[in-house]
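I opened a new structure today and kept notes as I went. Here is what I looked up, in order.

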Amino acid sequence: MPKLLKRLLLSLPTLLLVSMVVFSLLAVLPGDPVAAILGMEATPEAAAALRLKLGLDDPLLVQYGRWLWAVLHGDLGRSFIDNTPVADALWQRLPVTIELAIGSFLVAVIIAVPAGILSAARPRGWANAIGTLIALFGMSVPHFWLGMLFIILFAVKLGWLPASGFVPLSVDWHANLIAMIMPMVVTGLRESAILMRMVRSSLLEVLNEDYIRTAFSKGLRDWQVVLGHALRNAMIPVLTASGLMVSGMLGGLVITESIFGIPGMGKMIVDAIFQRDYVTVQAGVLAATVMVVIVNLGVDLLYSVIDPRISR
């Protein structure tokens with residue numbers, strides 16, 4: 001528990017620094033949120049009154065301090081566009097992105113771990129050749145192009161799955177699963193290529209250790225040595241890559257969400273950037289940063305579970 005508390009305290013400067021950088025960058029971006037709200041036909045008097053109401057004429061440090069104080073009290077502000085609480089929109093979009101990220105990661109693990117184990121156990125066999133081809137394909141094919149291919153094949157040609165749309169998990173879990181299969185598989189295929197190479201290289205390194213040769217010399221079967229002795233010790237680099245992968249997906253699924261019409265957090269942030277809705281952008285980036293910190297904290301805790309020597 002003291003270590004967990006220490007890591008949580010160490011993450012606070014990261015959150016503060018990210019919030020300062022994002023707030024400063026949004027302030028110097030071209031475009032005026034007042035013009036985006038009122039339109040180009042607005043009178044100077046109306047624009048000045050709105051700027052005064054939103055506090056946009058105050059110094060940048062004052063604006064940041066006011067926003068940070070409100071965030072610490074649970075108030076993420078109101079959207080510049082429709083004046084609705086940003087927290088409400090965020091709580092609607094955040095579960096969608098988390099569901100998509102977790103599902104995509106599970107698809108990547110289901111594909112990558114068995115393929116990586118087979119490829120490392122038989123580095124000169126057909127499994128390694130097929131795994132290498134799949135990895136190269138996954139890393140080379142553009143994400144959006146693969147998504148369009150899936151839509152054409154499974155939605156347009158075969159009619160098995162919907163091309164776009166989303167049904168909340170709480171409303172209809174079956175319809176939700178049907179709508180999320182293609183986005184999860186498309187994203188998971190891309191991530192599985194990277195994860196499979198990581199599993200293979202890490203496992204090959206462990207299989208060359210002396211204690212693995214000793215296990216083979218005792219007459220243990222290949223699968224007993226690989227699964228019982230080598231795999232767990234090879235998981236530390238894989239766990240690190242998995243944490244980075246999940247963190248990246250939590251904040252970088254905007255392409256998938258746009259292609260398949262999924263109302264996730266990434267799409268919300270991009271739409272807010274085009275609409276100059278800076279309050280929504282700040283809240284979205286802050287939420288993504290908090291999720292990345294939580295994922296990294298979970299990865300650090302899992303290190304000691306996989307290898308107790310790390311905690312000592």
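I began with UniProt, whose unreviewed entry places the feature "transmembrane region" at residues 100-121, 133-161, 173-190, 238-263 and 283-306. Those positions are given in the numbering used here, with feature names shortened, and such annotations may be inferred rather than shown by experiment.

I noted that this is a predicted model, where local features need pLDDT of at least 70, side-chain atom pairs count only at pLDDT 80 or more, and totals for chains, interfaces and linings use all residues. Residues are numbered from 1 along each chain as its sequence is written, and side-chain values use heavy atoms, leaving out hydrogens and water.

I found 15 helices and 0 strands in the protein; these are DSSP runs numbered from the N terminus (helices H or I, at least four residues; strands E, at least two). I then checked two annotated stretches. Residues 100-121 are 100% helix, with end C-alpha atoms 32 Å apart. Residues 283-306 are 100% helix too, and there the end C-alpha atoms are 35 Å apart.

**Inside the protein**

I saw that 38% of the 312 residues are buried (under 20% relative accessible area, 1.4 Å probe, protein chains only). The largest nonpolar core holds 75 residues; such a core is a set of buried Ala, Val, Leu, Ile, Met, Phe, Trp, Tyr and Cys residues joined through side-chain atoms within 4.5 Å. L207 is among the members that touch the most others. Beyond its neighbours within four places in sequence, L207 is in contact with A120, I212, V226 and A230 (heavy atoms within 4.5 Å).

Technical notes:
Buried means under 20% relative accessible area, exposed over 50%, partly exposed in between (1.4 Å probe, protein chains only).
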